[in-house]
Amino acid sequence: MPSSEDFPLRIDAVTAAWASERRPEEDFSGAQTQAWQLVYVRSGAIEEHAAGRRVLLRAGGILLHQPEETFSMRSMGEIPPEVLRIEFHCTGAAMDRFRGAVFHAEPAEQNDLNWLFAAVGEQFEPPAVPGAAPAPRQEVPFGARQQLAIHLENLLILLARRTKRARKPTARIRRERRQNALVEAARAYFSHNLTREVRVEEVCAAIGCSRAQLQQAFRARLRHTAMEEFAAMRLDYAAQLLARGATPGEVAAQLGYCSGAYFSQKFRAATGNTPSAYRRMQQGLPARRPGRQQKDKELPKTSMAENAPKK
């Protein structure tokens with residue numbers, strides 16, 4: 001029989017799990033865990049209260065509540081956060097490493113998190129009341145519950161390895177993580193508002209930061225400003241619409257540009273082509289329509305004798 005050293009962390013049962021976009025009216029307080037509970041924020045931001053402390057979790061944030069811990073959740077900013085919660089029973093002294101720990105998801109852990117986010121909806125009914133526990137579905141695919149436990153075990157093992165690291169993250173790493181979270185939150189806000197102009201102050205209010213913090217994060221991570229990123233995202237979306245067959249005028253109107261000429265100027269500066277030329281190329285046509293002189297050159301030449309009336 002394998003020893004506890006070979007299998008130091010085992011999931012005995014997953015009792016509840018839910019993953020969804022949470023709106024302010026779905027915030028809750030005074031809920032109590034019956035077992036360990038993992039919380040992961042995929043997008044947006046939440047404020048989690050537990051054990052006399054408040055933790056702000058932005059996109060990528062992870063924390064674990066202890067058994068019988070009373071907690072509450074509040075959505076932050078204007079973007080409805082996507083939140084995963086999994087309540088589970090687990091044996092092993094390794095769980096002590098997670099008491100009071102807060103993590104930011106690393107690439108190695110993202111695969112299990114994405115899998116769990118997609119899978120829990122197939123195995124549990126969403127709760128009828130915010131904060132209440134969801135009920136397990138009666139019919140699930142063969143081995144689905146075992147798969148859920150395996151992915152959760154693997155995620156916890158990866159997190160536990162990080163708690164064993166002797167040194168805490170340096171100030172530079174913590175700053176980079178905060179900046180990455182701000183950039184991702186702003187880009188998520190941009191993606192929901194591509195059809196209109198937005199202001200920096202509006203973005204800051206939505207994701208909960210100052211103008212200086214936002215600009216510093218974008219310059220440090222992407223080497224340009226937040227509004228330059230927004231403009232580029234809008235032009236990328238405009239290119240998609242043109243490729244689908246929309247006319248330049250329709251695209252300019254749909255994206256809220258002040259005029260078709262202004263849109264054309266911005267699009268050409270970014271891509272090297274006018275919107276009309278880009279649209280024609282995406283349709284497999286020449287970038288330019290042939291002019292009148294070109295059409296005349298292409299017409300067959302006829303002699304006067306051929307044009308003369310027949311006798």
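Is Glu-68 buried or exposed? Glu-68 is exposed, because its relative accessible area is 62%; exposed means over 50%, buried under 20%, and partly exposed in between, with a 1.4 Å probe and protein chains only.

The model is predicted: local features need pLDDT of at least 70 and side-chain atom pairs count only at pLDDT 80 or more, while totals for chains, interfaces and linings use all residues. Residues are numbered from 1 along each chain as its sequence is written, and side-chain values use heavy atoms, with hydrogens and water left out.

## The chain as a whole

The protein chain contains 11 helices and 11 strands. Helices (H or I, at least four residues) and strands (E, at least two) are DSSP runs numbered from the N terminus. Of the 311 residues in the protein chain, 39% are buried. The accessible surface of the chain is about 18100 Å², and carbon and sulfur atoms account for 50% of that surface; the areas come from the Shrake-Rupley method with a 1.4 Å probe, and for residues only the protein chains shown count as cover. Taking contacts between residues at least 6 apart in sequence, 70% join residues at least 24 apart. A contact means heavy atoms within 4.5 Å.

Two strands pair if DSSP finds at least two bridges between them. Glu-48 stands opposite Val-55 of strand 5.

Another open sheet is formed by five strands in the order 1-8-3-6-9, again with antiparallel pairing. Its edge strands, each pairing on one side only, are strand 1 (10-21) and strand 9 (102-104). From one strand to the next the twist averages 20 degrees. Three bridges pair strand 6 (residues 61-65) with strand 9 in the antiparallel sense, and Leu-63 has Val-102 in strand 9 as its bridge partner. Helix 2 (residues 144-163) packs on this sheet and touches strand 1, strand 3 (36-43), strand 6, strand 8 (82-91) and strand 9. The direction of helix 2 makes about 95 degrees with that of strand 1.

Cys-90 lies in strand 8. Cys-90 counts as buried because its relative accessibility is 13%. Leaving out residues up to four places away in sequence, Cys-90 touches Leu-9, Arg-10, Ile-11, Asp-12 and Met-95. One of these, Arg-10, is 80 residues from Cys-90 in sequence but 5.6 Å away in space, C-alpha to C-alpha.

## Helix pairs

Two helix pairs are listed below. Axes are lines fitted to C-alpha atoms, for helices over the stretch in contact, and angles run from 0 to 180 degrees between N-to-C directions.

| Helix pair | Angle between axes | Axis distance |
|---|---|---|
| Helix 4 (residues 200-207) and helix 5 (residues 211-222) | about 95 degrees | 9 Å |
| Helix 6 (residues 226-243) and helix 8 (residues 260-271) | roughly 100 degrees | within 11 Å |

The angle makes helix 4 roughly perpendicular to helix 5. Angles of 65 to 115 degrees count as roughly perpendicular, under 35 as roughly parallel, over 145 as roughly antiparallel and the rest as oblique. Helix 4 contributes Val-200, Glu-201, Val-203, Cys-204 and Ile-207 to the contact, and helix 5 contributes Arg-211, Leu-214 and Gln-215. These residues divide into five nonpolar, one polar and two charged. Ala, Val, Leu, Ile, Met, Phe, Trp, Tyr, Cys and Pro count as nonpolar, Asp, Glu, Lys and Arg as charged, and the others, Gly among them, as polar.

Helix 6 and helix 8 are likewise roughly perpendicular to each other. Their contact is made by Leu-235, Ala-238, Ala-239 and Leu-242 of helix 6 with Phe-263, Lys-266, Phe-267 and Ala-270 of helix 8. By class, this contact has seven nonpolar, no polar and one charged residues.

## Two loop residues with positive phi

Most residues other than glycine have a negative phi. Glu-68 is not a glycine, yet has a positive phi of about 60 degrees. Glu-68 is placed in the loop between strand 6 and strand 7 (70-76). Arg-223 also has a positive phi, near 65 degrees, in a residue other than glycine. The loop between helix 5 and helix 6 holds Arg-223, which is exposed with a relative accessible area of 64%.
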